[in-house]
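Please read the following report alongside the sequence and the three-dimensional view.

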Amino acid sequence: MFINDTICAQATANGTAAISIIRLSGENAIEICKKIFVSKNTNFYDFKSHRIYFGNIQNGKNIIDEVLVSIFKAPNSYTGENSVEISCHGSAYICSKILELLIDNGARIAKHGEFTMRAFLNGKLDLSQAEAVADLISSNSKASHSLALSQMRGGFSNIIKDLRKELVNFASLIELELDFSEEDVEFADRKALTNLLDNLKYEITNLINSFAMGNVLKHGIPVAIIGKPNVGKSTLLNSLLNEEKAIVSEIPGTTRDSIEDILNINGITFRFIDTAGLRKSDDIIENIGIERTYQKLNQADIILYVVDIFETSVDEILASVEDFKQHIENKDKRIIIIANKTDLLMKTPQHFSDLLSLEVIFISAKRKENINLIAETLLKYVSTDTNPDKTIISNLRHYEALSKTLDSINQIETGLINGIPGDLIAIDLKKALLHLGEITGEVTNDEILTNIFANFCIGK
């Protein structure tokens with residue numbers, strides 16, 4: 001990245017729209033804008049920060065568009081640099097012509113996430129806050145939005161900075177001891193260090209344990225819909241989504257591959273996966289779909305096992321559940337039994353009382369009866385403690401850094417118990433500080449930054 005360059009990019013999505021926004025950031029952003037913008041303000045003399053100006057973008061005397069230009073002077077901008085936002089009409093042609101003019105006058109097209117990277121490099125955001133910006137953009141539920149917003153505001157960052165500050169204070173005392181090693185003095189109280197380590201372990205362990213919930217809130221909960229052909233799996237998916245997403249047919253084996261879609265229930269995203277019907281088949285394509293069904297069993301957190309209330313006995317249900325468990329690594333995975341086609345009941349089936357002994361939801365997917373019970377049951381199995389005072393992590397990079405920090409702290413604790421020299425304790429302290437610093441960007445390298453910001457859209 002060339003931090004001294006002036007960069008530009010379209011910040012809104014491509015395609016025809018009422019308006020589009022083109023961003024410009026860098027030392028020469030305002031001067032470049034002046035070259036192509038003619039203000040209609042009669043008292044216009046010089047751009048002032050945090051003002052909006054109305055006028056034309058022009059290539060010489062050729063008017064490209066009537067626009068609004070917003071000015072943000074350094075350091076009071078998103079990037080910390082001189083920045084300009086041009087609000088133009090949402091024509092792909094207009095946007096491309098404005099970008100061409102900006103490039104002709106000294107700007108260059110921004111790379112993925114370069115605006116936010118500059119905000120990080122200029123101290124407007126730390127690294128975990130910058131990552132939360134991307135999470136906020138991609139949030140698709142109330143829960144994922146709240147989580148990203150909390151992290152972007154620095155809640156998680158402040159905890160990491162406090163933990164690191166405590167370790168830095170103690171590491172400095174250990175280093176001081178090493179400077180006076182010949183005089184055999186002890187500046188760092190070993191008992192106080194042990195108490196500090198216990199507190200750090202408690203805080204970091206809580207953060208690590210929150211990752212499972214953070215992953216649920218951020219990415220949603222995968223739910224596999226499985227069962228024999230023609231038990232109503234696709235009809236159930238359509239009823240849950242309230243749209244004709246999957247093909248419904250009386251012909252067995254219609255669904256030959258998995259079909260996925262998402263549903264938001266009370267702010268939590270569920271990713272439903274309709275799978276191929278489980279049966280023995282001579283059809284090569286259908287068998288591939290069945291094999292993928294077993295793969296989806298492992299990927300799902302919850303399994304909806306759909307059965308035909310007329311044709312399926314309790315013994316068959318129990319045998320099938322045991323068979324499913326042979327194909328999944330997590331034997332405790334939640335399996336919810338859905339007894340479908342209650343709309344066809346003329347009388348109570350003989351095995352109805354046996355079904356009541358199991359945890360079964362009786363539905364008619366065709367008539368959309370009791371579908372709400374499935375939603376309620378799914379929410380019941382998801383522990384979503386979204387206490388605003390509780391910090392939850394959702395980023396794999398943060399999880400790995402915290403895990404490495406905990407390993408280093410355990411090594412420090414073991415060393416103190418075994419009475420190892422201070423220089424060895426100092427090494428493990430530096431490792432713990434390094435891993436904590438990687439989270440907020442106090443310790444980083446170009447490879448980490450490139451990997452993080454490569455996932456951003458251009459223009460952010």
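The rings of Phe211 and Tyr399 form a stacked aromatic pair, with 4.6 Å from centre to centre and 25° between the planes. Rings of Phe, Tyr and Trp (its six-membered ring) are paired if their centres lie within 6.5 Å, and planes under 30 degrees apart count as stacked, over 60 as edge-to-face and the rest as tilted. Phe211 belongs to helix H8 (residues 211–219) and Tyr399 to helix H14 (residues 396–418), so the pair ties together parts that are 188 residues apart in sequence. Helices (H or I, at least four residues) and strands (E, at least two) are DSSP runs, numbered from the N terminus.

This is a predicted model, in which local features need pLDDT of at least 70 and side-chain atom pairs count only at pLDDT 80 or more, while totals for chains, interfaces and linings use all residues. Residues are numbered from 1 along each chain as its sequence is written, and side-chain values use heavy atoms, with hydrogens and water left out.

## Other ring contacts

The structure holds five aromatic pairs, and ring pairs also link Phe37, Phe47 and Tyr53 into a cluster.

Charged side chains are placed over rings as well: Arg23 lies over the face of Phe115, at 4.7 Å from the ring centre, and the charged end of Lys460 sits over the ring of Tyr78, 4.3 Å from its centre. A charge sits over a ring if NZ of Lys or CZ of Arg is within 6 Å of the ring centre and within 35 degrees of the ring normal.

## The enclosed space

The structure holds one cavity of 30 Å³ or more, and the largest cavity has a volume of about 30 Å³. A cavity is a set of points, on a 1 Å grid over the protein atoms alone, where a 1.4 Å probe fits but cannot get out, and its lining residues have an atom within 4 Å of a point. Grid points are joined across faces, edges and corners, and the volume is the space filled by probe spheres set on the points.

The lining of the largest cavity consists of Lys228, Val231, Tyr305, Val306, Val307, Thr312 and Glu316. Strand E11 (residues 302–308) gives the most to this lining, with three residues.

## Contacts across the sequence

Phe272, in strand E10 (residues 268–274), is buried with a relative accessible area of 0%, and its C-alpha atom is separated by 7.4 Å from that of Leu237, 35 residues apart along the chain.

Leu173, by contrast, counts as partly exposed at 31% relative accessibility and lies in helix H6 (residues 155–179). The C-alpha atoms of Leu173 and Ala426 are separated by 9.7 Å, although these residues are 253 residues apart along the chain.

## Helix length and backbone angles

Helix H15 (residues 422–440) has 19 residues and should span 27 Å at 1.5 Å a residue, which agrees with the 27 Å between its end C-alpha atoms; the expected span is 1.5 Å times one less than the number of residues. H15 is followed by Gly441, whose phi is positive, near 95°.

His50, in the loop between strand E3 (37–39) and strand E4 (51–59), has phi near 60° and is partly exposed at 48% relative accessibility. Lys368, in the loop between strand E13 (360–362) and helix H13 (371–380), has a positive phi of about 60° and is partly exposed at 43%. The peptide bond from Ala74 to Pro75 is cis, with omega near 5°, and Pro75 is in the loop between strand E5 (62–72) and strand E6 (83–90).

## Cysteines

A search of the whole structure finds zero disulfides, a disulfide being a pair of cysteine sulfur atoms within 2.5 Å. Cys33 is buried at 0% relative accessibility, whereas Cys457 is partly exposed, with a relative accessible area of 39%.

Definitions and conventions: Buried means under 20% relative accessible area, exposed over 50%, partly exposed in between (1.4 Å probe, protein chains only). On a 1 Å grid over the protein atoms alone, a cavity is a set of points where a 1.4 Å probe fits but cannot get out, and a pocket is an open set with protein on both sides within 12 Å along at least five of seven lines; lining residues have an atom within 4 Å of a point.
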